[in-house]
Amino acid sequence: MKTIELDDDLYFYIASQTRHIGESASDILRRLLEQPARIKAIPPASVLADTSPAEPQPAAVGEALTRLLASGALQQEEKSISRFMMLLSTLYRDDPAGFTQATEIKGRKRVYFSQDPEALRASGSTTKPKPVPETPFWVITNTNTSRKQNMVAQLMASMGYDEALIAEACALV
């Protein structure tokens, strides 16, 4: 599998063409470009015959996010900033350790996330930092919706969320 870089607008267009949760970017592009579906290899018989008992799995990362998206609570929220903060809070609840990667997401001149609101204020004159509810983090809020979507997409990607879930969440910011 290869990795390519896309402009944000192109990425969000591709993501907006998702037809179902779990559809990969490759599947979406194949459909849009009218290319044949990729034939997946059949696992060897030894893998299929494995009957060892499954170990209990920990709660899946993304469980709280999936519940939030299914609940319709984001869609009911009128203000973009409220949806943004609700989403960030949920991402933290899903994976507090993974959320720490948010501090690596930066603009050309601005720091977007920090545990210190002064660090955010120092990165620009009109950042309007606000605490992310129920977390030790602060986020700048004086950005347009597209930038907020980009921040969420970068954070979710760094936390390991799949592309379809990222697209669904970003569409609701």
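**Close-up views of a predicted model**

**View 1. Helix α10 gives the second largest pocket five of its lining residues, the largest share.** The model shown here, as in every view below, is predicted. If you sort the lining by class, you will find seven nonpolar residues, four polar ones and two charged ones.

View 2. The chain holds ten helices and three strands. Read from the N terminus, the order of elements is α-α-α-α-α-α-α-β-α-β-β-α-α. The chain has 173 residues, and 35% of them count as buried. Take the contacts between residues at least 6 apart in sequence: 54% of these join residues at least 24 apart. The accessible surface comes to about 11200 Å², with 53% of that area belonging to carbon and sulfur atoms.

**View 3. Y92 and F99 form an edge-to-face aromatic pair.** Four aromatic pairs turn up in a search of the whole structure. In the pair formed by Y92 and F99, the ring centres lie 5.6 Å apart and the planes meet at 85°; planes over 60 degrees apart count as edge-to-face, so this pair gets that label. Are these two residues buried or exposed? Both Y92 and F99 are buried. For F99 the relative accessible area is 0%, and the cut-off for buried is under 20%, so F99 falls in that class.

**View 4. F99 also pairs with F113, and this pair links distant parts of the chain.** The F99 and F113 rings are 6.1 Å apart, centre to centre, with 85° between their planes, which makes this an edge-to-face pair too. Where in the chain do the two partners sit? F99 belongs to helix α7 (residues 96-99), while F113 belongs to strand β1 (residues 113-114), and the two residues are 14 residues apart. F113 is buried, with a relative accessible area of 1%.

**View 5. K128 is a residue other than glycine with a positive phi.** For anyone checking backbone angles, the phi of K128 is near 50°. K128 lies in the loop between α8 (117-122) and β2 (129-131). Its relative accessible area is 56%, and exposed means over 50%, so K128 counts as exposed.

**View 6. E134 is likewise a residue other than glycine with a positive phi.** The phi of E134 is near 60°. Which loop holds E134? E134 has its place in the loop between β2 and β3 (138-140). With a relative accessible area of 66%, E134 is exposed.

Conventions: Residues numbered from 1 in each chain as written. Predicted model: local features only at pLDDT ≥ 70, side-chain atom pairs only at ≥ 80, totals over all residues. Heavy atoms only, no water. Helix = DSSP H or I, 4+ residues; strand = E, 2+ residues; numbered from the N terminus. Buried < 20%, exposed > 50% of the residue type's maximum accessible area, 1.4 Å probe, protein only. Contact = heavy atoms within 4.5 Å. Areas by Shrake-Rupley, 256 points an atom, 1.4 Å probe, with all protein chains shown as cover. Nonpolar A, V, L, I, M, F, W, Y, C, P; charged D, E, K, R; others polar. Phe/Tyr/Trp six-rings, centres within 6.5 Å; stacked < 30°, edge-to-face > 60°.
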